[in-house]
Protein chains: 2
Amino acid sequence: MTSFFERHRSVLDQAVAAAGSRGYWSAYPEAPSGKIYGETAKAEAEAAFQAMLGRPFEIEPGGPARVGREESPWGLPLAITYPALAIADAVGLAKTAAHTWAHASIEDRVGVCLEILHRLNRQSFLVANAVMHTTGQSFIMAFQAGGPHAQDRGLEAVAYAYAEMRRVPAAARWEKPQGGGQDPLRMDKQFRIVPRGVAAVVGCATFPTWNGYPGIFASLATGNTVVVKPHPMAILPLAITVRIARAVLGEAGFDPNTIVLAADEATNPVTKELVTHPDIAIVDFTGSSTFGSWIRQNAAPRQVFTEEAGVNSIVVDSTPSFKGMTANIAFSLALYSGQMCTAPQAIFVPAGGIDTDEGHKSFDDIASGIAKAVERLTGSADRAAGLLGAIQNPATLARVEAVAARGTVILPSRPFEPPGFPAARTATPLILAVDGADESLYGEEQFGPISFIVRVADSGEGIARAAALAKHRGAITASVYATRDDVLARAADAFAEAGVALSCNLTGGVFVNQSAAFSDYHVSGANPAGNACLTDAAFVASRFRVVGIRRPAAA
Amino acid sequence: MTSFFERHRSVLDQAVAAAGSRGYWSAYPEAPSGKIYGETAKAEAEAAFQAMLGRPFEIEPGGPARVGREESPWGLPLAITYPALAIADAVGLAKTAAHTWAHASIEDRVGVCLEILHRLNRQSFLVANAVMHTTGQSFIMAFQAGGPHAQDRGLEAVAYAYAEMRRVPAAARWEKPQGGGQDPLRMDKQFRIVPRGVAAVVGCATFPTWNGYPGIFASLATGNTVVVKPHPMAILPLAITVRIARAVLGEAGFDPNTIVLAADEATNPVTKELVTHPDIAIVDFTGSSTFGSWIRQNAAPRQVFTEEAGVNSIVVDSTPSFKGMTANIAFSLALYSGQMCTAPQAIFVPAGGIDTDEGHKSFDDIASGIAKAVERLTGSADRAAGLLGAIQNPATLARVEAVAARGTVILPSRPFEPPGFPAARTATPLILAVDGADESLYGEEQFGPISFIVRVADSGEGIARAAALAKHRGAITASVYATRDDVLARAADAFAEAGVALSCNLTGGVFVNQSAAFSDYHVSGANPAGNACLTDAAFVASRFRVVGIRRPAAA
């Protein structure tokens, strides 16, 4: 099994270096190309996915009781069931596996993790189908974000874990000089990496792999065994992941129960029982702020890492490219119908308008400029389907309708029929115009294809309101458009203090929603949008502990 | 002020290297020698300390209200008072100071920390007097543990903080290749280190500086401002520390309120209000398990780092040096009258005795061998005073008496009169013999000069009992005596799994109580004796966050 480590060592070394320098780097090609993944890979994955529908998903540990009520937002019947493991059993099995996994060498564990990621990468088309038909993402997004990008995030966690563990020397000679011609005191010391125990990873419905892999791989690499509890509406992507991981573990001679799937249904949820189980030592959670807050309170003193939600803002002050700005904002609003934790919701625009390369633009010019750009992007059902995808949760559709009644509609939302998916749940972006004082509307998280053009006195008010929202409601991203350096500097200070990653003057092919592994620190952990970052040293360093063993040494 | 960084850069570089290699290293000489610290330093410090007695301690921010009821365990009247700052005011001042401190460069902050440590080192004799007459430590121990060793622990925290912050690049160019002959996507990224805010450090009564400095310096270096809340019985050492720190901050052009002293009295404690104040983001605590547990529960979701208490064990299986073993154990029991969080309490000895270089030794031989060795160490009042020191808390004397009535006394405790301190509160070590089944006695923390020789079937039972105690009650140290490698290996496995640092076969000048900065990881954080380690990456990495700022880059 050591061969896994050697086989992937160069990838690991590059990943460690990339996480340190934070430039562009990726281990797994994002193009869903037959040249890279094999000419038959796409068709084979499609067939494999179809063969899973309407059947029990084959995974150990099994049992007669089954759960599973996933529904494809694209309208496809799934009807896949999974073993209904009792939490006590799931945790018990993972605990039994813990001793051997804890005693494996760092290289053996990291090698297994790298091999799992490698095999996940080879199965990117299959995972893409699973992600598409649980989250509602378009196929291309499901492939990229659910496949290679998620694998990159997992690899990043492995790289951080490996680097932090390797910073602890395995052994040291301690030799303290003594006065008066005496011999030095000499001790031989060993340092053991000791994991916390069993970790729980609680998945989300929109990016089950991208958000799930960092916690899974950080815990595995540091020697913890893992119980994976997917969102009841997005089980399949993580079930495939766990099955692949178990196969690699078994081949490497480890107990496959080093990772265990614990699926549930919304009517009988098991997450609270899992994250408060006495044998659970670590919890990774992605989901709502309400449930995140419950977990932070009730799972303490376990190590808890959360990504929750917030209100992301854009502040418009001025721009050298009106077209570039409106197109870029429109794309950000449209991408996966605003169902990204990084999607902007509140766009602060000065009431008196702004200066642009096309001359002065009024508040209404900007609002309609963004609206028209969204319309251009979503005009054809084909294009809309590829960009917007489908709506993961029926509650989101209801929210679109309810919010539309509460403000001035700049762009109404409408359903559309993606080619080939007549039963898909869809909605084009809704845009409202509101006043800065209407914070009870735009300042609450309105998850889904809902955004607000917010009228403020000037960009200063916009920055202040956006930063305050971030501080009190949470935010993962912020964006500013300004041609003056002092405005950019003020925005940088305000958003840094509020713990929000800031993008400046995006007018081209990079969007505020996008967070690149090895380069962007996703979530700061410094505001209510989450208490942890994907990925930094703090994300891995407390998942293991160091225990010293010392004895007198010979001279 | 940058000159502070340059002035101490070589010390910092050595500290970072030492923390990585974990061999012997120390920045601050432990010998209380006039050659090192100046021939007049000792006398001057003594005079300065005497001049503090019976007077208001001069420190800003002040005010008319005063607190302070410290009493020297050596019998000296102290009668020093400190400003009685309201918690709201203390936190408010530290919060006001936070913005400038957060925006200082890493080098400026670390430079200030290094200069503070340097000046603390120059004042080691003064701090020694303060530590001696609050904790009851002997002068030599108060000098070493309260001075240079504490400074080393503080420096270690600065080194870890500096290394972790420096691992985040200040800037990066992100350049993602695009297919089809397009230009790459290019972004310029900056990464800012953002502190959490205001930190609280809650000191203890026995090692106020050694246990307080890691949290203080870890938080300061990472950009947080600090409110220091000393134990009401050991204010002076931290008051001197804060005063020195404030002087350096002021000289460097920072707000002295970057560190604020919040003293209190036992009858009107302020710690709970402090650690739950809305503006407090980080809590470092050293103290009892009861209060530590309250803080872990109630201060969440703040970052909480605790060192609490536990039951440390020694397991005796066999030894190649009966004299060395008994002398070493005796020294460990005697040192500062067992008032160290690292002192052993339960000594597991096989009922049938053990093999030694002096032939077979019975259970009674071992018990009396240890007792005699303690008597030799503490026979003269002069020697006893230097080794045992005085008893910090009157409750400890009461405990010695109460516990003596509950078992077979092997060595009774008695008071002694240290030369020059007729009113000192003292007690020589009490040793009892008990059965393995008497866990309700030896398995509870019996803080002070109290230890138990515990009769077990064999060393296997001893290891199992000791490791279980560590797991469930907490333990910071363990010690084993064994000539066979398989016994040592079994002990290493069991104690590592219980998260306890293990010392093997100590028969010379190294004692299980001693934990060396830069080499020993003090507390694992993996059992109830504390949730954090002094010092590892996890101790510093979550005290700051990283916020990115990105913008499109020119080609």
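Modeller: Let us begin with strand pairing: two strands are said to pair if DSSP finds at least two bridges between them. What you see is a predicted model, and in it A:V316 stands opposite A:Y481, which belongs to β18(A). The strands concerned are β10 of chain A, residues 312-316, and β18(A), which run parallel and are joined by four bridges.

Biologist: Is strand β18 of chain A mostly covered or mostly open?

Modeller: To judge this, one counts how many other C-beta atoms lie within 10 Å of a residue's own, and 20 or more make the residue buried. Strand β18 of chain A, residues 477-481, is mostly covered, with five of its five residues buried. A:T477, A:S479 and A:Y481 point one way from the strand, while A:A478 and A:V480 point the other way, and all of them are buried.

Biologist: Why does A:V480 count as buried?

Modeller: A:V480, which has its place in strand β18 of chain A, counts as buried because it has 29 C-beta neighbours inside 10 Å. If neighbours within four places in sequence are left aside, A:V480 is in contact with A:V315, A:D317, A:L488, A:A491, A:L502 and A:C504. By way of contrast, the C-alpha atoms of A:V480 and A:E417, which are 63 residues apart along the chain, are separated by 34 Å.

Biologist: Moving up a level, into which domains is chain A divided, and how many residues of domain 1 of chain A are in contact with domain 2 of chain A?

Modeller: Chain A is divided into domain 1, residues 2-308, and domain 2, residues 312-504, and 15 residues of domain 1 are in contact with 17 residues of domain 2. On the side of domain 1 that touches domain 2, the classes are six nonpolar, seven polar and two charged residues. Taken over C-alpha atoms, the centres of the two domains are separated by 33 Å.

Biologist: How many residues of chain A are in contact with chain B, and which element supplies the largest share of that side of chain A?

Modeller: 58 residues of chain A are in contact with 57 residues of chain B, and the largest share of the side of chain A, eight residues, comes from β20(A). By class, this side of chain A has 29 nonpolar, 15 polar and 14 charged residues. Strand pairing also takes place between the chains, for β20(A) and strand β19 of chain B, residues 501-504, pair in the parallel sense over two bridges, with A:R550 standing opposite B:S503.

Biologist: How are the two copies related, and where does the axis lie?

Modeller: In general, two copies of a chain are related by a rotation about an axis and a shift along it.

Methods. Residues are numbered from 1 along each chain as its sequence is written. Chains are lettered from A and ligands numbered from 1 in the order in which they are written. This is a predicted model: local features need pLDDT of at least 70, side-chain atom pairs count only at pLDDT 80 or more; totals for chains, interfaces and linings use all residues. Domain bounds come from an automatic or database domain assignment. Two residues are in contact if their C-beta atoms, placed from the backbone, lie within 7 Å. Ala, Val, Leu, Ile, Met, Phe, Trp, Tyr, Cys and Pro count as nonpolar, Asp, Glu, Lys and Arg as charged, and the others, Gly among them, as polar. A residue is buried if 20 or more other C-beta atoms lie within 10 Å of its own, exposed if 12 or fewer, and partly exposed in between; C-beta atoms are placed from the backbone.
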